[in-house]
Amino acid sequence: MTGIIGQGVGRESGLKAAVAAASAGLTSLTPVGTTGSTVNWSIPTGTTIIVMQWDGHSDAGGAYEQVQLGDAGGIETSGYNSGSNVSAYSTTGFVVEYGGAAIILSGQMILTLMDPSLNTWTASHAIYSHSAKGAIHGAGTKSLSAELTQIQITNPSTFDAGRINVSYM
């Protein structure tokens with residue numbers, strides 16, 4: 001393969017190698033079916049990497065959802081600097097934009113502790129839209145007021161299909 005395709009494959013294989021190395025030490029929680037408008041997970045202190053996985057996930061009427069982080073004081077809903085697919089920006093969570101109801105998603109978001117002294121987390125996601133047959137991507141950053149102990153995914157509508165899981169290290 002040559003040109004842009006070949007260049008992308010090289011970067012992709014490097015990312016796959018990094019994810020494979022990290023996943024050897026990950027602890028995986030039990031995948032949960034997505035119902036309601038919010039799903040929460042407790043995360044042990046000392047965590048430095050979190051991987052959220054979407055599998056056939058959908059909602060009934062939204063165009064985006066958000067991943068929000070929290071500490072012992074609760075989920076933090078401000079101070080994020082996050083974007084997805086160029087057109088979506090959020091200060092209230094790591095936004096995943098997908099453009100409408102009944103969009104089926106599979107993929108992952110990787111969150112890493114960038115600066116433990118400031119509790120600063122970075123996030124990036126690459127998620128496949130089965131409906132649009134295309135990729136959804138984005139990134140962001142958030143500094144928590146204390147050490148991370150919880151994470152949630154929320155949307156303005158209702159989840160209606162699929163599963164989401166969280167792994168951490």
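Visitor: Tyr80, buried or exposed?
Guide: Tyr80 is buried, with a relative accessible area of 2%, where buried means under 20% relative accessible area, exposed over 50% and partly exposed in between, using a 1.4 Å probe and protein chains only. This is a predicted model, in which local features need pLDDT of at least 70 and side-chain atom pairs count only at pLDDT 80 or more, while totals for chains, interfaces and linings use all residues. Residues are numbered from 1 along each chain as its sequence is written, and side-chain values use heavy atoms, with hydrogens and water left out.

Visitor: Which residue does Tyr80 form an aromatic pair with?
Guide: Its partner is Phe94, in an edge-to-face arrangement with 5.2 Å centre to centre and 85° between the planes. A search of the whole structure finds 1 aromatic pair; the criterion is that rings of Phe, Tyr and Trp (its six-membered ring) have centres within 6.5 Å, with planes under 30 degrees apart called stacked, over 60 edge-to-face and the rest tilted.

Visitor: What parts does the pair tie together?
Guide: Tyr80 lies in the loop between β6 (74-75) and β7 (81-84) and Phe94 in strand β9, so the pair links parts that are 14 residues apart in sequence. The element names follow DSSP runs numbered from the N terminus, with helices being H or I of at least four residues and strands E of at least two. Phe94 also counts as buried, at 1% relative accessibility.

Visitor: And which charged end sits over the Tyr80 ring?
Guide: That of Lys142, 5.1 Å from the ring centre, under the rule that NZ of Lys or CZ of Arg must be within 6 Å of the ring centre and within 35 degrees of the ring normal.

Visitor: Back to Phe94's strand, what covers the faces of β9?
Guide: Phe94 and Val96 on one side, and Val95 and Glu97 on the other, are all buried, so that both faces of β9 are covered. In a regular strand the side chains alternate between the two faces of the sheet. β9 pairs with β5 in the antiparallel sense over 4 bridges, pairing being called when DSSP finds at least two bridges between two strands, and Glu97 in β9 is the bridge partner of Tyr64.

Visitor: Switching topic, how many residues are in the largest nonpolar core?
Guide: It has 28 residues, and those with the most contacts inside it are Ile50, Met52, Trp54 and Leu111. Such a core is a set of buried Ala, Val, Leu, Ile, Met, Phe, Trp, Tyr and Cys residues joined through side-chain atoms within 4.5 Å. Strands that each supply at least two of its residues include β4 (49-59), β10 (105-115) and β13 (150-168), and β13 gives the most, with 6 residues. In soluble globular proteins, nonpolar side chains tend to be buried together.

Visitor: What does Met52 touch?
Guide: Setting aside residues up to four places away in sequence, Met52 touches a list including Trp41, Val67, Leu111, Ile151, Ile153, Ile164 and Val166, a contact being heavy atoms within 4.5 Å.

Visitor: And His125, where is it found?
Guide: His125 is in strand β11 and counts as buried at 5% relative accessibility. Leaving aside neighbours within four places in sequence, His125 is in contact with residues including Gly83, Ser84, Val95, Val96, Ile136 and His137, and its C-alpha lies 8.7 Å from that of Leu111, a residue 14 positions away in sequence.

Visitor: How many bridges does β11 share with β12?
Guide: β11 and β12 pair in the antiparallel sense over 10 bridges, with Trp121 standing opposite Lys142. The two strands form a hairpin with 4 residues between them, and Lys133 in the turn has a positive phi of about 55°.

Visitor: What's the phi of Asn119 like?
Guide: Asn119 has a positive phi of about 55° although it is not a glycine, whereas most residues other than glycine have a negative phi. Asn119 sits in the loop between β10 and β11 and is buried, with a relative accessible area of 15%.

Visitor: Overall, how many helices and strands?
Guide: The protein chain has 1 helix and 13 strands, and buried residues make up 38% of its 169 residues. Among contacts with a separation of 6 or more, 72% come from residues 24 or more positions apart.
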